[in-house]
Amino acid sequence: MFVPAGLHPARAERHQLAQIARAGADLFEIGLAHHDAGLDGPVIQAAYRRALSRGHVLARALRAVEHAAGLRPTVVMTYWDPVSRHGPERLARLLADAGAVGAMVVDLPDDQAERWQAAAKAANLSTPRLVPRRLADTGLATVAAGASGWLYAPASTAPTGYRGPLDVPALADFTTRLRAISPLPVVSGVGISTPALAERVAPLVNAVVIGTPVVRALMTAPGQAPSLTTAFTQALNPYATTETRA
């Protein structure tokens, strides 16, 4: 399950993470708030703005990671700008010390990939990679070669929070291409806005990432987040595990 760090005060956040874990989430993806989240839609961008307005963004994120990691395996989702500002080596170590098992930089620049991978490896963090569907096979192979943990294949080419129909055959073709070049598990998210869509995507991948539907609840009616988690979990079983972010 994808949960933006710092959306609520620490005590409330810990309670929400525990409820989501009990409701069926098998893994947490904690989002590090960023002011220019260009791959995200309005719901997650609004969540990040709220987190940024509270200040102490990195400290709050590390506390969220520490608590989430005590409940379920936890990875961090971030953009490159915060990694660059805090320093790849320093940030990788801080995330690992907080209990993260991996970190995905969704807009990792090609010319920084080697440095980030080295920093993460030194901290014993996996480096999942988001793989744009538009890449040619040579580009897919380059991205996959620098990934560990899994490859993230968006179900939609739109920003997160997309609520329209999905081109499931196109996603199936894309996952086939990824599996031809890498043995890593394939995870999908983005645009998986309902349990019914999750059920359709699940047979194609190793795991499904749910985010915006639950983030929307956390923004407006936090008490609904556990029941939404349960609905997605029930739709996904027995096909896949539930991460978080769509």
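In which strand does Thr78 lie? Thr78 belongs to strand β3, residues 74-78. Strands (E, at least two residues) and helices (H or I, at least four) are DSSP runs, numbered from the N terminus. The model is predicted, so local features need pLDDT of at least 70 and side-chain atom pairs count only at pLDDT 80 or more, while totals for chains, interfaces and linings use all residues. Residues are numbered from 1 along each chain as its sequence is written, and side-chain values use heavy atoms, with hydrogens and water left out.

Thr78 has 1% relative accessibility and therefore counts as buried. Buried means under 20% relative accessible area, exposed over 50%, and partly exposed in between (1.4 Å probe, protein chains only). Leaving aside neighbours within four places in sequence, Thr78 contacts Leu32, Val83, Met104, Val105 and Val106. Contact means heavy atoms within 4.5 Å.

Helix α1 covers residues 10-22. Its 13 residues should span 18 Å at 1.5 Å a residue, and the end C-alpha atoms are 18 Å apart, which agrees. The expected span is 1.5 Å times one less than the number of residues. Buried residues of α1 are Glu13, Gln16, Leu17, Ala18, Ile20 and Ala21. Their cover includes β1 (2-4), β2 (28-31), α3 (57-69), α10 and α11. Gly24 follows α1 and has a positive phi, near 130°.

Helices α10 (residues 212-220) and α11 (residues 225-236) also meet. Their axes come within 9 Å and cross at roughly 165°. Axes are lines fitted to C-alpha atoms, for helices over the stretch in contact, and angles run from 0 to 180 degrees between N-to-C directions. The two helices α10 and α11 are therefore roughly antiparallel. Angles over 145 degrees count as roughly antiparallel, under 35 as roughly parallel, 65 to 115 as roughly perpendicular, and the rest as oblique. The α10 and α11 crossing is right-handed. A crossing is right-handed if the near helix is turned clockwise from the far one by less than a right angle, and left-handed if anticlockwise. Pro213, Val214, Ala217 and Leu218 of α10 make the contact with Ala225, Leu228, Thr229 and Phe232 of α11. Seven of these residues are nonpolar, one is polar and none is charged. Ala, Val, Leu, Ile, Met, Phe, Trp, Tyr, Cys and Pro count as nonpolar, Asp, Glu, Lys and Arg as charged, and the others, Gly among them, as polar.

Helix α2 (residues 42-54) and α10 have axes that come within 9 Å and cross at roughly 45°. Helices α2 and α10 are therefore oblique. Their crossing is left-handed.
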